[in-house]
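Biologist: Before I rely on the terms used for this protein, I would like each one set against its cut-off. Please take them in turn.

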Amino acid sequence: MSAFVEPAIGTAGTTEPYRFLDTLSYVRVPGEATDGRCSVVEMRLREGHAPPMHVHASADETLHVTEGTVEVHTPTETRSLGAGGSVVLPRGRKHSIVATEPAKVVSSTSPGGFDEFVTAVGEPADEATVPSGPPSEAAIARVSELAPEHDIEIVGPPPVDP
(Lines give C-alpha, C1' and ligand atoms only; values in the text may rest on other atoms or scores of the structure.)
Protein backbone atom coordinates (compact mmCIF):
# COMPACT_ATOMS: atom_id res chain seq x y z
CA MET A 1 0.00 0.00 0.00
CA SER A 2 1.23 3.48 -0.86
CA ALA A 3 2.41 5.87 1.84
CA PHE A 4 0.94 8.76 -0.18
CA VAL A 5 -2.50 9.18 1.37
CA GLU A 6 -2.49 12.84 2.43
CA PRO A 7 -2.00 15.93 0.23
CA ALA A 8 1.61 16.84 -0.49
CA ILE A 9 1.84 20.62 -0.18
CA GLY A 10 4.75 22.81 -1.24
CA THR A 11 4.94 26.49 -0.39
CA ALA A 12 7.20 29.31 -1.52
CA GLY A 13 8.78 29.77 1.90
CA THR A 14 9.74 26.17 2.59
CA THR A 15 12.33 25.36 -0.07
CA GLU A 16 15.82 26.58 -0.78
CA PRO A 17 16.88 27.84 -4.20
CA TYR A 18 19.26 25.86 -6.42
CA ARG A 19 21.35 27.02 -9.34
CA PHE A 20 20.44 24.34 -11.88
CA LEU A 21 22.33 25.01 -15.11
CA ASP A 22 21.41 28.66 -15.72
CA THR A 23 18.16 28.64 -13.76
CA LEU A 24 17.10 29.44 -10.24
CA SER A 25 15.09 26.37 -9.26
CA TYR A 26 12.97 25.36 -6.28
CA VAL A 27 11.74 21.87 -5.48
CA ARG A 28 8.15 22.67 -4.51
CA VAL A 29 6.97 19.08 -3.97
CA PRO A 30 9.63 16.38 -3.79
CA GLY A 31 8.91 12.94 -5.16
CA GLU A 32 9.39 11.42 -1.72
CA ALA A 33 6.32 13.39 -0.51
CA THR A 34 4.14 11.58 -3.08
CA ASP A 35 5.65 8.12 -2.70
CA GLY A 36 7.40 8.77 -6.01
CA ARG A 37 4.22 9.37 -8.01
CA CYS A 38 5.18 12.90 -9.07
CA SER A 39 7.38 15.86 -8.25
CA VAL A 40 7.03 19.59 -8.83
CA VAL A 41 9.92 21.98 -9.55
CA GLU A 42 9.64 25.73 -10.19
CA MET A 43 12.31 27.09 -12.51
CA ARG A 44 13.05 30.75 -13.09
CA LEU A 45 14.69 31.14 -16.48
CA ARG A 46 16.87 33.85 -17.94
CA GLU A 47 16.20 34.96 -21.50
CA GLY A 48 18.11 32.54 -23.72
CA HIS A 49 17.89 29.54 -21.36
CA ALA A 50 18.15 26.47 -23.60
CA PRO A 51 18.97 23.04 -22.14
CA PRO A 52 20.22 20.31 -24.47
CA MET A 53 17.71 18.18 -26.35
CA HIS A 54 16.91 15.34 -24.00
CA VAL A 55 14.59 12.44 -23.25
CA HIS A 56 12.99 11.45 -19.96
CA ALA A 57 12.89 7.69 -20.51
CA SER A 58 10.43 6.85 -17.75
CA ALA A 59 8.59 10.09 -16.88
CA ASP A 60 5.99 12.30 -18.50
CA GLU A 61 6.80 15.99 -18.01
CA THR A 62 4.21 18.75 -17.71
CA LEU A 63 5.41 22.33 -18.10
CA HIS A 64 3.21 25.24 -17.06
CA VAL A 65 4.43 28.74 -17.87
CA THR A 66 3.45 31.21 -15.15
CA GLU A 67 5.47 34.20 -16.43
CA GLY A 68 7.13 35.06 -19.72
CA THR A 69 7.31 32.99 -22.90
CA VAL A 70 9.16 29.82 -23.87
CA GLU A 71 9.43 27.86 -27.08
CA VAL A 72 8.89 24.12 -26.78
CA HIS A 73 11.09 22.21 -29.23
CA THR A 74 10.56 18.63 -30.43
CA PRO A 75 12.16 17.02 -33.49
CA THR A 76 9.07 17.83 -35.56
CA GLU A 77 7.90 21.23 -34.33
CA THR A 78 8.48 24.36 -32.30
CA ARG A 79 5.62 25.97 -30.40
CA SER A 80 5.51 29.20 -28.43
CA LEU A 81 3.97 28.97 -24.97
CA GLY A 82 3.12 32.11 -23.00
CA ALA A 83 2.03 32.73 -19.44
CA GLY A 84 -0.90 30.48 -18.58
CA GLY A 85 0.06 27.91 -21.21
CA SER A 86 0.90 24.28 -20.51
CA VAL A 87 2.35 21.35 -22.42
CA VAL A 88 2.59 17.68 -21.52
CA LEU A 89 5.65 15.98 -22.99
CA PRO A 90 5.36 12.19 -23.13
CA ARG A 91 8.14 9.98 -21.82
CA GLY A 92 10.55 8.81 -24.48
CA ARG A 93 10.06 11.95 -26.62
CA LYS A 94 13.00 14.25 -27.46
CA HIS A 95 12.42 17.82 -26.34
CA SER A 96 13.89 21.07 -25.07
CA ILE A 97 12.71 24.58 -24.31
CA VAL A 98 14.07 28.03 -25.05
CA ALA A 99 13.16 31.06 -22.94
CA THR A 100 12.52 33.84 -25.45
CA GLU A 101 12.28 36.27 -22.52
CA PRO A 102 12.73 35.90 -18.76
CA ALA A 103 10.23 33.26 -17.68
CA LYS A 104 8.98 31.17 -14.79
CA VAL A 105 8.01 27.55 -15.50
CA VAL A 106 6.56 24.92 -13.19
CA SER A 107 7.67 21.41 -14.17
CA SER A 108 5.84 18.37 -12.90
CA THR A 109 7.05 14.87 -13.69
CA SER A 110 5.15 11.65 -13.27
CA PRO A 111 6.54 9.59 -11.78
CA GLY A 112 8.67 11.89 -9.66
CA GLY A 113 12.42 12.08 -9.81
CA PHE A 114 13.24 15.24 -11.73
CA ASP A 115 13.47 16.97 -8.34
CA GLU A 116 16.32 14.63 -7.39
CA PHE A 117 18.13 15.45 -10.65
CA VAL A 118 17.83 19.18 -9.93
CA THR A 119 19.30 18.83 -6.44
CA ALA A 120 22.02 16.38 -7.58
CA VAL A 121 23.18 18.56 -10.48
CA GLY A 122 22.42 21.96 -9.01
CA GLU A 123 24.10 23.81 -6.20
CA PRO A 124 22.35 25.62 -3.34
CA ALA A 125 22.12 29.32 -4.22
CA ASP A 126 23.28 31.92 -1.73
CA GLU A 127 21.07 34.54 -3.38
CA ALA A 128 17.66 34.11 -4.97
CA THR A 129 18.67 35.69 -8.27
CA VAL A 130 18.40 34.17 -11.72
CA PRO A 131 21.81 33.70 -13.35
CA SER A 132 22.47 36.27 -16.06
CA GLY A 133 24.62 34.14 -18.37
CA PRO A 134 24.77 30.65 -19.85
CA PRO A 135 25.60 27.65 -17.67
CA SER A 136 29.21 26.98 -16.76
CA GLU A 137 31.17 24.15 -18.34
CA ALA A 138 31.18 22.47 -14.91
CA ALA A 139 27.36 22.61 -14.72
CA ILE A 140 27.05 21.15 -18.23
CA ALA A 141 29.50 18.38 -17.29
CA ARG A 142 27.44 17.53 -14.16
CA VAL A 143 24.29 17.25 -16.30
CA SER A 144 26.03 14.92 -18.76
CA GLU A 145 27.52 12.85 -15.97
CA LEU A 146 24.40 12.49 -13.80
CA ALA A 147 21.61 12.38 -16.39
CA PRO A 148 21.83 8.60 -16.97
CA GLU A 149 21.47 7.95 -13.22
CA HIS A 150 18.14 9.81 -13.38
CA ASP A 151 16.82 8.06 -16.51
CA ILE A 152 17.50 11.13 -18.68
CA GLU A 153 19.35 10.86 -21.97
CA ILE A 154 21.04 13.85 -23.57
CA VAL A 155 20.36 13.40 -27.29
CA GLY A 156 21.65 16.61 -28.83
CA PRO A 157 22.75 20.18 -28.31
CA PRO A 158 20.38 22.96 -27.23
CA PRO A 159 18.05 24.08 -30.05
CA VAL A 160 19.78 27.49 -29.98
CA ASP A 161 23.06 28.76 -28.58
CA PRO A 162 22.52 29.43 -24.88
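Modeller: Two strands pair if DSSP finds at least two bridges between them. Strands (E, at least two residues) and helices (H or I, at least four residues) are DSSP runs, numbered from the N terminus. The model is predicted: local features need pLDDT of at least 70 and side-chain atom pairs pLDDT 80 or more, while totals for chains, interfaces and linings use all residues. Residues are numbered from 1 along each chain as its sequence is written, and side-chain values use heavy atoms, with hydrogens and water left out.

Biologist: What makes β2 and β3 a pair?

Modeller: The requirement is at least two bridges, and β2 and β3 have 6, in the antiparallel sense. In one of them, Leu-24 has Arg-44 of β3 as its partner. β3 is also joined to β10, by 7 antiparallel bridges, and Met-43 stands opposite Val-105 there. Another 7 bridges join β10 to β5, again antiparallel, where Val-65 stands opposite Val-105.

Biologist: Which strands stand at the edges of the sheet, and why?

Modeller: The open sheet has 7 strands in the order β8-β5-β10-β3-β2-β1-β11, with antiparallel pairing. β8 (86–89) and β11 (123–124) are its edges because each has a single partner strand, which leaves one side of each without a neighbour in the sheet.

Biologist: Why is β3 said to be largely enclosed?

Modeller: Buried means under 20% relative accessible area, exposed over 50%, and partly exposed in between (1.4 Å probe, protein chains only). In β3, 6 of the 7 residues are buried, so the strand is largely enclosed by the rest of the structure.

Biologist: What makes Thr-23 buried, and what does Thr-23 touch?

Modeller: Thr-23, in strand β2, has a relative accessible area of 0%, so Thr-23 is buried. Contact means heavy atoms within 4.5 Å; leaving out residues up to four places away in sequence, Thr-23 touches Tyr-18, Arg-44, Leu-45, His-49 and Pro-131.

Biologist: How do you know that Thr-23 and Ser-25 make a polar contact?

Modeller: A polar contact is a pair of N or O atoms within 3.5 Å; within protein, one must be able to donate a hydrogen and the other to accept it, and residues adjacent in sequence count only if both atoms are side-chain atoms. The side chains of Thr-23 and Ser-25 are joined by such a contact of 2.7 Å. A polar atom of the Thr-23 side chain also lies 2.7 Å from the backbone oxygen of Phe-20.

Biologist: Which backbone angles call for a second look?

Modeller: Most residues other than glycine have a negative phi, and most peptide bonds are trans. Asp-35 has a positive phi near 55° and lies in the loop between β2 and β3. Asp-151, in the loop between α2 (137–146) and β12, has a positive phi of about 60°. A cis peptide bond, with omega about 0°, joins Ser-110 and Pro-111; Pro-111 is in the loop between β10 and α1.

Biologist: Why are Asp-35 and Asp-151 called partly exposed?

Modeller: Their relative accessible areas are 43% for Asp-35 and 38% for Asp-151.
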